Amino acid sequence: MQPFILPSDPARRRILKGVPAGAALAAVPALALALAKRLDPASKPTLYAHRGASALRPEHTLASYAKAIQDGADFVEPDLVCTKDGVLVARHENAITDTTDVATRPEFASRKNRKVIDGEAHEGWFVSDFTLAELKTLRAVERLPKMRGTACDGQFQVVSFEEVIDFVAAEAAARGRTIGLIPELKHSPWFAAAGLALEQRFVSTLQAHDYTRRAPVVVQSFETANLRQLRKTLGKPANVTLAQLVVAGGKYDALRPADVALQGGSLSYGEMVSARGLRELAKYADVVAPITRAVIPLGADERLARPTSLVADAHAAGLQVVAWTFRPENAFLAADFRNGDGPNARNEAGSIAEMWRYLETGIDGLFSDDPALARAAIKA
């Protein structure tokens, strides 16, 4: 195998400028080795746009998805929750206090509520207390305004899952390339208990649209029972795969999926990413999607430590590995890659360098808030 040689092109030099010398050298990926480690060595890692291009546009809006597609995303992600009148919409969670202007709308002041969802108490406004028509009167706002600004606040609607499908299908037709969808079913046990079960609505929507009957669809969940049921309901169509999301590594290992905890089960995410747990996971899922630090943990100095065996163990079980989530601001980077501009500052060079380190482990794909930077890292 030929050794990897750092290209001397000006673009690469610009990317590395400002990254500490040691970190830059450590960040250079042995691309040939990464190819050998991936589950499908013939393909490049897949780029999943996390809530769209959410570092640049308010999340889960058509503008965010449009920017992600423009910047080279292979898949866009609509997280799915359900309205009071039974419509699936793209929001990261049931709570909408921080991602819409609902708190400024006097007509909805009485809707402020308190709910316990997946064991956590939330106070504010919730999708499940609104009809789709009511949600359409709201406008999206930036979740992280101090970090990402408010220039796009108030411009974009909450959109339904069907609208996302139609939009992605139109973009694919206009651009002459397939664009996948990677929906996540959120709070499945809670919505089922509220009489707004997500799964059948989701399956019916997929089957009703020509695009989602043939384009790639990856279904994600932090729960396990819904994925197992979807495997039975859907079988294994050529275009649909299932992804088990996991929050593991260090202090997270003891956490349990919400459905497991609700039933009094003991299965933890840490157990799920053990070699044995991954073999069990592979019986119903095609992908394991761990938080980044379960692949390469942070040491006490907040720098990247040695990679875990998760990628190798998952591949041995026949699973793809898709890591989440890479974000371009210093606050989200390992200490190896931060610059001196403060936690809220964008750090494109550091973000790309960190992604190189993870690509080096052989992951099959990654989620990014800024698909243009992720595409640059994958192409490098």
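1. His-60 sits in the loop between strand 1 (46–49) and helix 4 (62–70), where helices (H or I, at least four residues) and strands (E, at least two) are DSSP runs numbered from the N terminus. Although His-60 is not a glycine, its phi is positive, at about 60°. With a relative accessibility of 0%, His-60 counts as buried; the classes used here are buried for under 20% relative accessible area, exposed for over 50%, and partly exposed in between, with a 1.4 Å probe and protein chains only.

2. Before going further, note that this is a predicted model, in which local features need pLDDT of at least 70 and side-chain atom pairs count only at pLDDT 80 or more, while totals for chains, interfaces and linings use all residues. Residues are numbered from 1 along each chain as its sequence is written, and side-chain values use heavy atoms, with hydrogens and water left out.

3. Glu-302 belongs to the loop between helix 15 (292–295) and helix 16 (310–316), and at 39% relative accessibility it counts as partly exposed. A further backbone item is the peptide bond from Trp-324 to Thr-325, which is cis, with omega near -10°; Thr-325 itself is placed in strand 12 (residues 320–326). As background for these points, most residues other than glycine have a negative phi, and most peptide bonds are trans.

4. Arg-148 is part of helix 6 (residues 145–148) and counts as buried, at 17% relative accessibility. Its side chain makes a polar contact of 2.8 Å with that of Glu-329 and another of 2.9 Å with that of Asp-369. A polar contact is a pair of N or O atoms within 3.5 Å; within protein, one must be able to donate a hydrogen and the other to accept it, and residues adjacent in sequence count only if both atoms are side-chain atoms. Leaving aside neighbours within four places in sequence, the residues in contact with Arg-148 (heavy atoms within 4.5 Å) include Ser-54, Ala-55, Glu-142 and Phe-332.

5. A search of the whole structure finds 25 salt bridges, each being a side-chain nitrogen of Lys or Arg within 4 Å of a carboxyl oxygen of Asp or Glu. One of them joins Arg-105 and Asp-101 at 3.1 Å, N to O, and both of these residues are buried. Another joins Arg-111 and Glu-134 at 2.8 Å, N to O; Arg-111 lies in the loop between strand 4 (88–90) and strand 5 (113–117) and Glu-134 in helix 5 (residues 132–135), so this pair ties together parts that are 23 residues apart in sequence. Arg-111 counts as partly exposed, at 23% relative accessibility.

6. The salt bridge between Glu-280 and Lys-283 (3.0 Å, N to O) pairs a partly exposed Glu-280, at 34% relative accessibility, with an exposed Lys-283, at 61%.

7. Not counting residues up to four places away in sequence, Ile-363 touches Arg-38, Pro-45, Val-295, Val-311, Val-321, Ala-323 and Tyr-358.
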